[in-house]
Amino acid sequence: SLSEIVGSIKKVADIVSEIANASSEQATGIDQVNTALAQMDEVTQQNSALVEQNAASAKTLEHQSTAMNEKVAFFRIDDMAEQRAAKPRTPVAASNAKPLSREMAPARQVAAAGGNRRGGPLGRMQAVATAVAEDPGWKEF
């Protein structure tokens, strides 16, 4: 009888040992899941911050675009150029180029006064004005 009791106790001890090992493995798995969740939470917070930065950048770009549109609105081409722009675009030879409209005169006056540096903003705007005058397909810039 004692032998049977000792054998049963050994079986119970083995089962308890297996349960302890399984519990240890489950604890390790739970720790790994917690670590993964913490990493996901961190990445989610980073993504949220990036979305906020992106929204702020988009708002800034919107304001800059509005400001640029207001500044560029100063430059207009005459009504004839708008009518020509409605026609299909065809290459225009430099000899056929029309002069700039009267509304572009302030830019020419500033350039004539010595403000035209090749790489400066005025030089770039003058290049745009020249391209608009030479290409009837440009309706607006």
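Select L2, I5 and I9 to begin: these residues form a nonpolar patch on the surface, with about 330 Å² of accessible area together. A patch here takes residues with over 30% relative accessible area and no salt bridge, nonpolar side chains (Val, Leu, Ile, Met, Phe, Trp, Tyr) being joined within 5 Å and like charges within 9 Å, while the areas come from the Shrake-Rupley method with a 1.4 Å probe, only the protein chains shown counting as cover for residues. This is a predicted model, in which local features need pLDDT of at least 70 and side-chain atom pairs count only at pLDDT 80 or more, whereas totals for chains, interfaces and linings use all residues. Residues are numbered from 1 along each chain as its sequence is written, and side-chain values use heavy atoms, without hydrogens and water.

Stay on L2, which is exposed at a relative accessible area of 67% (exposed is over 50%, buried under 20%, partly exposed in between, with a 1.4 Å probe and protein chains only). L2 belongs to helix α1, residues 2–72; helices are DSSP runs of H or I with at least four residues, strands runs of E with at least two, numbered from the N terminus.

Next, select K59 and E62, whose side chains meet in a salt bridge at 3.5 Å, N to O, the term requiring a side-chain nitrogen of Lys or Arg within 4 Å of a carboxyl oxygen of Asp or Glu. The two residues are 3 apart in helix α1 and therefore separated by about one helical turn. K59 is partly exposed at 46%, as is E62 at 44%.

Finally, show the whole protein chain, which has 4 helices and 0 strands, and of whose 141 residues 12% count as buried.
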